[in-house]
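This report describes a few residues and the nonpolar cores of one protein model. Please view the sequence and the structure before reading on.

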Amino acid sequence: MSYQASCHCGAVEVTADGEIPKEAMACNCSHCRRKGFILAFVPADQARITRGADVLKTYTFNKHVIQHSFCPTCGVQPVAEGKGPDGSPVMMINLRCVDGADLDGLKIQNYDGASH
């Protein structure tokens, strides 16, 4: 089983193995707060960009450790890439970009990124 996250215009799609997560993270850093991300962390070997990797643009800020990838046509960011707390590669799937995700039913872990 797998699920997909996509940008608004459909040019970019990310596929993650497994079921749509029931838990996610909300960060209050200046970037995440402004964009309203609800992120699910997926090991990099369990997710892949299945459409539009060649058109994605990347934005980094602060410590430049997370590659925030967005569609240059519609501006939506379905995925980011970085490292988990243990140093392993992860993809952060924006669950707001997943059709069928029950956003109201998610258990949200708040992260204080503004202090880092």
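## Glu13 and its contacts

Glu13 touches Gln4, Ala5, Ser6, Arg48, Ile49, Thr50 and Arg51, leaving out residues up to four places away in sequence; contact means heavy atoms within 4.5 Å. The model is predicted: local features need pLDDT of at least 70, side-chain atom pairs count only at pLDDT 80 or more, and totals for chains, interfaces and linings use all residues. Residues are numbered from 1 along each chain as its sequence is written, and side-chain values use heavy atoms, without hydrogens and water.

Glu13 belongs to strand β2, residues 13-17. Helices (H or I, at least four residues) and strands (E, at least two) are DSSP runs, numbered from the N terminus. With a relative accessible area of 19%, Glu13 is buried (under 20%; exposed is over 50% and partly exposed in between, with a 1.4 Å probe and protein chains only).

## Val12

Val12 sits in the loop between β1 (2-6) and β2. Its relative accessible area is 0%, so Val12 is buried. Apart from residues up to four places away in sequence, Val12 touches Ala5, Ser6, Cys7, Arg51, Gly52, Val55, Leu56, Cys71 and Pro78.

## Nonpolar cores

A nonpolar core is a set of buried Ala, Val, Leu, Ile, Met, Phe, Trp, Tyr and Cys residues joined through side-chain atoms within 4.5 Å. The largest one has 17 residues, of which Tyr3, Ile93, Leu95 and Val98 touch the most other members. At least two residues of this core come from each of β1, β2, β4 (39-43) and β9 (89-94). A second, separate core of nine residues includes Met25, Phe37, Ala80 and Met92.
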